[in-house]
Amino acid sequence: MLNKKTTIARTGLSLLILLALAAPVTLAAEIDWRKHEGTTLNAIFLTAAYIDAWFRPMAKRFQKETGIRVKMVVLQAGQARKKQDIMLGGKDDTLDVIHLQMDNRGGKLTVAGHLEDLQPYLDDPSKTPAGYNYPQDWLGGCLNTAKVIKGQPLNNIVWSAQAQLLHIRTDLFKKYNVKVPTNLQELEAAAKKLTIDEDGDGKPEIYGFLSRGRDRLITASFATYLWNHGGSWFKTVNGKKVSNVNSKESVDAFMYYANLIRKYAPPAALNNRPPANAALFAAGKTAMLSELNYWIALSEDKRRSRVVGKTTTILVPRGPAGSHPNLPTMSFAIPKYSRKKDAAWMYIVWMTQQHIMQLGQNNSVPVCRRSVWLDKSFTPPTPGWGESARLAAEYGIAIAKPQAIAIGQMRDAAGEVMNVAVRTGDRAAVQAEADKQAAVMNALIEKTEVGMNFRGVRPADAKLMPESEQIVPIKADGLERLGR
Amino acid sequence: MTEKAATHQLHPVAAGASAKDRLLTWLDFNLAVIFNVPTVVLLAGLVAFPTGLVIWTSLTDWQLVLNKDPNFVGISNYVTIWQEERWLGGIFNTFYYAIVSLTGQLVLGMATALLFNRNFAGKSFYRSIWMMPMISMSVAISLVWAIMFNTTYGMLNFLLSGLGLPELAWTADPLLVMPSLILVGIWQWTPFMTLLLLAGLQSLPTDPFEAAKIDGASKWRVLIHITLPLMQGHILVALILRSIFAVKEFDTIMAITEGGPNYASETMNMNIYFNAFEYGYMGVSSAKGVIFFAFILLIQLVLIKLRRRQWSH
């Protein structure tokens, strides 16, 4: 009996000693969120619908919880990139957080060594919460976009799983009993049927399709059509990266997309920036809009939309080469020259915690954490939106931009081919322009990428989406029987 | 006797003068130089140094983002830019915009100045309204014009459609984009031309006009043979001022077209901007900047020479 008591006492004592020993370790693993209290961080963000809806309120909450003020400079994408480039080029130590698309400038900034390696921060338990769970809780498509160069360090935390999808007017599809498209032929047929001239004056009241149609802006929205046709921005020939915009498949894609813009889109497609296109869709002027999925926040906004409750999103229809959802993710990064890197990391970690990202997700900001998609509190704006966004985040690849050092000129070159395609619709002219621009792109690669190994985009990076998945978002909204 | 020696005679420092007296004398003697030092320092810092830096950068291959030390490449940037189709297009667009826009502004500016030089009811009110585009923010009015040019919901196409005319692609058509931008330029800057020319008209001597009236000259002949010749100097001043701004027009074009479509509205300074801040080619961009500066200088020299010749008459 005594022995038993002694054994219990000894075991209890041992446990106490173990707990006492473990306590400091546990405490060390806790993050002191007030450690950088009083610090002000300078951050440059790209304009997006989620900035006001999520980032600004979260910045206030972050300040309340940590005492760190985030001074947000929000600029239109082109201006934000230029400002970031100038500050990074000048090794400005007052810039602490940057918001960027890795598939756009990530390669260039990595090569230049402007971005801080975040792995040591991630590995440090005093800087990263124990349950942060990166990369295990990140969706596969998102992780595909985080590294764009062979051997690239972890210099960004990808957070946004925004995807280029097809917004559709469910009421119009139902009213005119039009098949919701699963392939590119059906997409053109639907665009044709839903270009509606109600009063017969030769000017449609509703246009069937809308997407970006001007210059360099087209690259992001066109990318899925390009890849679904079997085209691509680049290919590898004898181990060398060369332009592929003049291949038969790529020219097919340029012709197809330009044809949709020319025949079924409002003429404003040639002028508009994405927000103006989203506004046209929300005003009920078009039946389909090929754009980023977060724009559903506008079309479902009761104050600013005439189509509330009448829209959803589906995947861009499959092409001869399958379905490649374009996932132009957004990342956070820290400039190497910042004097407040620890506080900047604290902001990044705080913003990408599960419960904070959940708030974004619940506000129609598709995020990269897998767990927030599965959380019961998440109710997508429409079932189709939820399914299409999930599939894009799972299977998507970063094909939005021609990944290169001279990214700006590459985008201009691609835009030039599209301009000719939209204006002329003449295959020979498009092929000639594509050949011309391919030569320009190859010269740029020769000039700017000597000795570099851009990982770029490879279909092998993503799991190829099974054909059966294409209809999942359509079924989720019960639209699969239309047009039969 | 030199001026310096004369000054010394006027302010002789007596032998055995105190240090204070010597300092005061020295200050008195060098006052002109001392007063000019801040201006010279300021000009050197704000004009000479940046200009020198741009010229030096134009001789290098500096790339903004790639974080590499610039290499000296001599005049190669100045040679290679002439092989760029887009740069040549930019030069053409710059002068196309400047010449057509200035011509329109001059003709309309003169017409409105003649109108406002007369007396009629509500003149001050109409003149104030007329001047409004000139005092508005360029980017703000450009964005309004961009909406008006919009091919789907723009007011201009609405008007054309109402008149039974075909709608135009305005800024989306490479052939129409420059005329569209010129239209905005004329709308915005004609009032400025009016202001300058109106000031000129109001300063003209009245005698020639009275003599012409007594001689029974028609209004047209008075305009051609008296008003315009007398206004030559004012017209040249207005052209000098406006040509500088027209050649370097940026904000309107950037806000409405960003140089597109197909670079059809890209001017020299937009090309410079894109090269520097979009592509990061600071060396090439600086070389283009120097060339652009030379173009502006040349235009101004020609106009100033014309003005001097006019004054000598």
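1. Two residues are in contact here if their C-beta atoms, placed from the backbone, lie within 7 Å. The model is predicted.

2. Chain B has a domain 1 and a domain 2. Domain 1 of chain B covers 3-57. Domain 2 of chain B covers 83-312. Taken over C-alpha atoms, the centres of these domains are 44 Å apart.

3. In chain A, each domain is assigned in two segments. Domain 1 of chain A takes 40-162 together with 330-381. Domain 2 of chain A takes 164-324 together with 404-476. The C-alpha centres of domain 1 of chain A and domain 2 of chain A are separated by 27 Å.

4. The domains of chain A touch each other. Domain 1 of chain A puts 21 residues into this contact, and domain 2 of chain A puts in 18 residues. On the domain 1 side, at least two residues each come from helix H2 (49-66), helix H4 (102-111) and helix H6 (140-146) of chain A. Which element gives the most to that side? H4(A) does, with five residues.

5. What is the make-up of the domain 1 side, by residue class? In chain A, the side of domain 1 that touches domain 2 has 10 nonpolar residues, seven polar and four charged.

Definitions and conventions: Residues numbered from 1 in each chain as written. Chains lettered and ligands numbered in written order. Predicted model: local features only at pLDDT ≥ 70, side-chain atom pairs only at ≥ 80, totals over all residues. Domains from an automatic or database assignment. Helix = DSSP H or I, 4+ residues; strand = E, 2+ residues; numbered from the N terminus. Nonpolar A, V, L, I, M, F, W, Y, C, P; charged D, E, K, R; others polar.
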